[in-house]
Amino acid sequence: MWESICLTLLATAGNNIGKVLQKKGTIILPPLSLKLKVIRAYAENKPWALGFLMDIFGALLMLRALSLAPVSVVQPVSGCGLAILSVFSHFYLKEVMNVFDWIGITVAGIGTIGVGAGGEEQEASLISVFQLLWLAFVVAILFVLLNAWLHIFKRQRREQELVEYEVVEEIIYGLESGILFGMASVVSKMGFVFVEQGFSAMFIPMCISISICCSGTGFFYQTRGLKHGRAIVVSTCAAVASIVTGVVAGMFALGEKLPTSQSGRLLLLLGWLFIMLGVVLLVTSSRLIRHLPRSFRRSRQSSVERGFSIRRTASHVAKDTNPSAVIQAATLHHLLSTPSKEKD
């Protein structure tokens, strides 16, 4: 169990950090195209090439983790990727994080330990191809309902001649993308379970292909939500929906079960809760900090500015010759999917 959790943490770190490095590299690169000159420019750009390799390596590690552990364990732990990314941004991108960022990282870490301590090895349950079709049918019905709800609110917004997105629209796009991200892990796991039951090995690449389609469609919905909506709402709903989908679908479609011991069940449930709470704190930290007393915010800001000014002076010359993006921890997930936007 701990091996699969460590693999999941390494995988989600590679995916998230790799995307940040790719984004940093594209600052001085032309738009990606199939021209040989452009492809060579991307390949010779060290940050982009390193980020691309880390992203691919992370995806391979995630598949390995899914082959060893239940989705109900792997998917929640993968939510800690935002915490790892925040730490990376603090030390590599010289980003200053607030108190809620550190609390979120700590809570997510405690949740990961709880999942590892409470989870237990499980024997593969018997599943059939019809369960995959049934799962696809349930997700399709869910998307029909969500899109019908979205259509109603869009029509109301047009009738009232409102320009700004309603919070319901942001929530729906976040839920849709999160459900698809969770389903991507579940479908990948199904391929390994089918092979364990004696089915053809072709089920693994077939399920991985379906998983890639789910992830790609999820990024499409997430991008639509982030384009006009608030990153905080969309990202939070996507992260929570991804974890919940992985847990629920893993139990109902793959036959995964809670630990047999009462203490194991408690640790696992608390681990899920702490990871989701940590992710929510990381995504909403910039807004939560505004609700603190002004005196506390001023004292924290003054101490942070003293430490940051030293780093800023030392790196001022480098920034002039090598431009880079300073990424807020609360909007890191936003920047991975869309061009930089001003924060609300």
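**Exercise 1.** In this predicted model, work out how helix 1 (residues 2-25) and helix 4 (residues 71-78) cross.

*Solution.* 
Step 1. Take the axes: those of helix 1 and helix 4 come within 9 Å. They cross at roughly 40°.
Step 2. Classify the angle. Angles under 35 degrees count as roughly parallel, and 65 to 115 as roughly perpendicular. Helix 1 and helix 4 are therefore oblique to each other.
Step 3. Assign the hand: the crossing of helix 1 and helix 4 is right-handed.

**Exercise 2.** Is helix 5 (residues 81-91) largely enclosed or largely open?

*Solution.* 
Step 1. Apply the cut-off: buried means under 20% relative accessible area.
Step 2. Pick out the buried residues of helix 5: Gly81, Leu82, Ala83, Leu85, Ser86, Phe88, Ser89 and His90.
Step 3. Conclude. Eight of the eleven residues are buried, so helix 5 is largely enclosed by the rest of the structure.

**Exercise 3.** Describe the packing of helix 5 with helix 11 (residues 262-288).

*Solution.* 
Step 1. The two axes come within 9 Å and cross at roughly 45°.
Step 2. Helix 5 and helix 11 are therefore oblique to each other.
Step 3. From helix 5, Leu82, Ala83 and Ser86 meet Val279, Leu282 and Val283 of helix 11.
Step 4. That contact holds five nonpolar residues, one polar and no charged.
Step 5. Return to burial: Leu82, Ala83 and Ser86 are among the buried residues of helix 5.

Definitions and conventions. Residues numbered from 1 in each chain as written. Predicted model: local features only at pLDDT ≥ 70, side-chain atom pairs only at ≥ 80, totals over all residues. Heavy atoms only, no water. Axes fitted to C-alpha atoms, helices over the stretch in contact; angles between N-to-C directions. Helix = DSSP H or I, 4+ residues; strand = E, 2+ residues; numbered from the N terminus. Parallel < 35°, antiparallel > 145°, perpendicular 65-115°, else oblique. Left-handed = near helix turned anticlockwise from the far one by under 90°. Buried < 20%, exposed > 50% of the residue type's maximum accessible area, 1.4 Å probe, protein only. Contact = heavy atoms within 4.5 Å. Nonpolar A, V, L, I, M, F, W, Y, C, P; charged D, E, K, R; others polar.
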